[in-house]
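Subject: Structure for you to look at

Hello,

I am passing on the structure we spoke about. Please open it first; my notes follow below.

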Amino acid sequence: MSKNYKHVLRMEKLRKSFGKVEALRGIDFQVGANEVVGLIGDNGAGKSTMVKIMTGVFAPTNGAMYIRDEKVDFRHYNVRKAHRWKIETVFQESSLGEKQPLWRNFFIGRQVTKPLGFINIRKEKQLAQHIMLELIGFRGAGITVDSRVSKLSGGERQGIAIGRAMYFDADLIILDEPTVALSLKEVQKVLNFTRKIKESGRACVYISHTISHVYQVADRFVIIDRGTIVADFLKSEISLEQLDAFMLKYSTGKAGSST
Amino acid sequence: MKKTAFLGEKRGLDRIEALPIIIVYIVIVVVFMITAPATFLKYRIYQSFMSTVPVPLILGLGLTLVVAAGEIDLSFPSIIAFSGFIYAALYKITGQTWIPLIAALAGGAVAGFVNGLLVAVVGIPSIIATLGAQFLWSGLTVILSGGLAWNIRDIREETIHSLFVGRIGGVLPAQVLWATAIAVVLWFILNRHRFGEHILFIGDNAEVARVTGVNVRGTKIMLFTLMGALAGFAAVLLTLEMATFWTTQGGGMLLITMAAVFIGGTSIFGGEGTIVGTYVGSFIVGSLEAGIVATGLGGFWTRFIVGLVLILAVALHILLGRGRDLSEIRFLQFAFKKRSQGESS
């Protein structure tokens, strides 16, 4: 897939305050058209705030953001708009409705409808099946499009959410801590789903504070601490051990305590 | 496995929504047929159910959607009084029959809309907002009506009376058809419409609904408005049927409506709701009193037995619902042989 833009997303001097708390203090950040960027930082560093600005959940206090090199007008930017502009997010807490069947989860918020807003269930189920089998190569014993989300393992849930994002032809898929609280086997599933994103020519922001996971899939690592970007490495520039050591030194040096 | 099998369409008994509670209802009726044959083997008692159950049933249908969205409404009994008063007063003053209907529906919708604003915009938990609204609208009704009952006996001669609460062919109460029609429409809304899906996701997890682009506020406001309008309609049915308005006419509706919804199998936890269950649950609650009295136990037993049925029914739903469906209950597996073979892994 060739893209007619350089950066799928770019942030310039972005700031965000919640009352007196400054969550982001001037962020410069960019994601290439087919690049997987690992966004690394400790809890509370500002990663989730960045995600929520990217996806239209809330607007920054000031600064600029560009999508496909076009400036975003935050007065008219929201979750729906982000979807229309092909930015999709897989949130840390599952972005799926636990008690609902999988097919409903694929299309919630943008249903395939017949006249008067009635849902075309047959069509949605067929598409859901296509997403599961073709797009993400889902293999779960006894799981069908009618299964409830609560029956899935953690890794499978992230897979479903990634499949949803790919189906809607996202140019950028944001994974917010997708491997938190998952077993090793489940982590591998998620990393494989992430590789599918790259293979399909899309871009991805992979947010995590587990460096060993990010390292396996990202092309570049951006490190954020207390609302500021403190380092930016290409994968070719740094080994996992060096990255690990850097993070450790950084957090002990700055915070004065290591956890 | 064939594609259709992967689609995982439900088969056999599993397809029937709220089957357990339908069985419970059949059992109850059969028991009453045995214990009170003189009453329960005659049509008259069923005619009486079909005239009295529709009012709490319509309320219950609306409440099912509200509960599915993870909210609650305690204010509808006061809307039964408020909209009933609007109808009776406007009829008495103007002599019109249809304009008062529209005004009563609008009055209910406005009351519901206010609930929606309080819950979705101001952020008051619905249990408190609607508790306040309950006092507010019933208080206003008492003030406006001077605390008196208003007799509208002449309404019995009007077309609107026979259309909404008349006896079709002399035997079938019209209100049961209206309630059934509303049930069918709301079933499609909840299970087949975008609005219903949004309700389910909001009840399941409002944050998920929000990040997937559902307009959570707007949906909640519409939901409470709909509930108010339904209560307004139920109020008109009741006022027409009785040909009287009285200030406490919604009294006692709250608990039996909630009982019907929960007996039907809608979960208080939100994210799921069953229209069929509420339909049957309303008839269960409506039948118990008559059945108990006809059996000769005496009216004192009614509340006790309604309580018993409510507790047993909810226990049944929980036992059936913990991550299982009907096909996963051992003693019912004969009915699902095909399915369980197909899915074994």
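In this predicted model, helix H2 of chain B (residues 19-35) and helix H15 of chain B (residues 275-295) have axes that come within 10 Å and cross at roughly 15°. An angle under 35 degrees counts as roughly parallel, so H2(B) is roughly parallel to H15(B). The crossing of the two, H2(B) and H15(B), is left-handed.

Which residues in H2(B) meet H15(B)? On the H2(B) side they are Ile21(B), Ile22(B), Val24(B), Tyr25(B), Ile28(B), Val29(B), Phe32(B) and Thr35(B). Among their partners in H15(B) are Gly277(B), Val280(B), Phe283(B), Ile284(B) and Ala294(B). By class, the contact of H2(B) with H15(B) has 11 nonpolar and six polar residues, with no charged residues.

Elsewhere in chain B, helix H6 (residues 76-94) has 19 residues. From first C-alpha to last, H6(B) reaches 26 Å, close to the 27 Å expected at 1.5 Å a residue. H6(B) is mostly covered, with 14 of its 19 residues buried.

Now the contact between the chains. Chain A gives 31 residues to it and chain B gives 22 residues. On the side of chain A that touches chain B, helix H2 (79-84) and helix H4 (121-135) of chain A each supply at least two residues. The residues on that side of chain A divide into 10 nonpolar, 14 polar and seven charged.

Regards

Terms used
Residues are numbered from 1 along each chain as its sequence is written. Chains are lettered from A and ligands numbered from 1 in the order in which they are written. This is a predicted model: local features need pLDDT of at least 70, side-chain atom pairs count only at pLDDT 80 or more; totals for chains, interfaces and linings use all residues. Axes are lines fitted to C-alpha atoms, for helices over the stretch in contact, and angles run from 0 to 180 degrees between N-to-C directions. Helices (H or I, at least four residues) and strands (E, at least two) are DSSP runs, numbered from the N terminus. Angles under 35 degrees count as roughly parallel, over 145 as roughly antiparallel, 65 to 115 as roughly perpendicular and the rest as oblique. A crossing is left-handed if the near helix is turned anticlockwise from the far one by less than a right angle, and right-handed if clockwise. Two residues are in contact if their C-beta atoms, placed from the backbone, lie within 7 Å. Ala, Val, Leu, Ile, Met, Phe, Trp, Tyr, Cys and Pro count as nonpolar, Asp, Glu, Lys and Arg as charged, and the others, Gly among them, as polar. The expected span of a helix is 1.5 Å times one less than its number of residues. A residue is buried if 20 or more other C-beta atoms lie within 10 Å of its own, exposed if 12 or fewer, and partly exposed in between; C-beta atoms are placed from the backbone.
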